[in-house]
Amino acid sequence: MKCSFQVLSCTHSNRHMACPPILFGVLLYTAGTLSMKTLDHVTVREEGTITIPCLYDNQYKLNTKYWCKGYLWHSCEITASANAIGKWTITDYPAQNIFTVKLNNPTISDSGSYWCAVEIGTHAEPDDRKYLYVTVKKDPDVSVVSSSVSGHEGGDISVQCFYSFGYKNKLQKWCRFKDKRCYTVGRTNTSQNSSVQISDDGRRSFTVLMTGLRLTDSGWYYCSAGDQKVPVHLYVQSDNEYKAESDNAVLFPSICRNQTASKDTEDNKCSPDDQMNWIFLLLYTAVPLLLLLMLVLVIWRLVQKHNGALTKREPDICSVAEGPMTVTYDTVVFKKAKNHEPNQVSISRSPEQVEVIYSTPKLH
């Protein structure tokens, strides 16, 4: 509207030649329907972490999402694409029509202008996008203890939001990202049963208390003081899911556990993938132990078999009679034969000997 007024004034003053390019640029910039939504100004602590939600239209579920850095749209630099891991990591959630942009260990140099964008893929219609500014500071003007909290259906959660001294007299709010519904100091119903209460402790922080949580309360919110905002994700678990995770905590104590409001549910929440990883870990540990046990049993059997072969002998050819034995001594005398008579052998034995024992020696 401002440019249209200038065009009319330029026409009457014979300076209309300078206005058509401006009008063309504005029309080109605003062509198409821009449905992308995000926060306009996000603050984050240096070397911390932040996750920024970008809400897109339902028709763009399958389109490529990306993150672009630069004040001007036509010259911004793409720094991240969906499902690619880097300094900026984009994760797409088509079922919720949201993709998130996560930044780990930000530095002061990461402050600047950015765009949430969805690739349309046609020359007639520009990519859907939304501008925002990211401020990285050692001591941000607005911050939270945790950027992600969880609770169970019917339960309560609390979020503590901090603000700097310069924002003490600014309006502090707790807002739902999807519909921009905001709550200030006081008590306001968010649904039929749940409620929100915000209290300022007077020490540069205010606390958000949500009671009687419902499943529909899940989603993205943000704390704000003045124009500074910091996003917070809330996940409400159903009663059945809550019980299942409690049971899983017994089976998988190091992975599946019930989260509290001070822990990051996106990173620690129990999931089927986590359970499978735990099962694989158990198998990875148990299989080598099982193989080792089998090897020990085989070796033991071989040793037993070998020892049995050594102790097992064939029956002796010369056996010794059991019971009392009597040793008998005989004297054998060889006499030379005369007149071609065969040699004679005389055997003398003791008078009391009445039994002759014959022995046949055998050499081995």
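With 110 degrees about the S-S bond, the link of Cys175 and Cys182 is right-handed. This is a predicted model: local features need pLDDT of at least 70, side-chain atom pairs count only at pLDDT 80 or more, and totals for chains, interfaces and linings use all residues. Residues are numbered from 1 along each chain as its sequence is written, and side-chain values use heavy atoms, leaving out hydrogens and water.

The Cys175 to Cys182 disulfide has an S to S distance of 2.0 Å (a disulfide is a pair of cysteine sulfur atoms within 2.5 Å). Cys175 is buried at 0% relative accessibility, while Cys182 is partly exposed at 31% (buried means under 20% relative accessible area, exposed over 50%, partly exposed in between, with a 1.4 Å probe and protein chains only).

The whole structure holds four disulfides. One of them joins Cys54 to Cys116. Cys54 lies in strand β2 and Cys116 in strand β7, so the pair ties together parts 62 residues apart in sequence (strands are DSSP runs of E, at least two residues, and helices runs of H or I, at least four, numbered from the N terminus). Both cysteines, Cys54 and Cys116, are buried. Another disulfide joins Cys68 to Cys76. The link of Cys68 and Cys76 is right-handed, with 100 degrees about the S-S bond.

Now the threonine. Thr211 sits in strand β16 (residues 205-211). Thr211 is buried, with a relative accessible area of 19%.

Leu291 lies in helix α5 (residues 272-311). Leu291 is exposed, at 52% relative accessible area.
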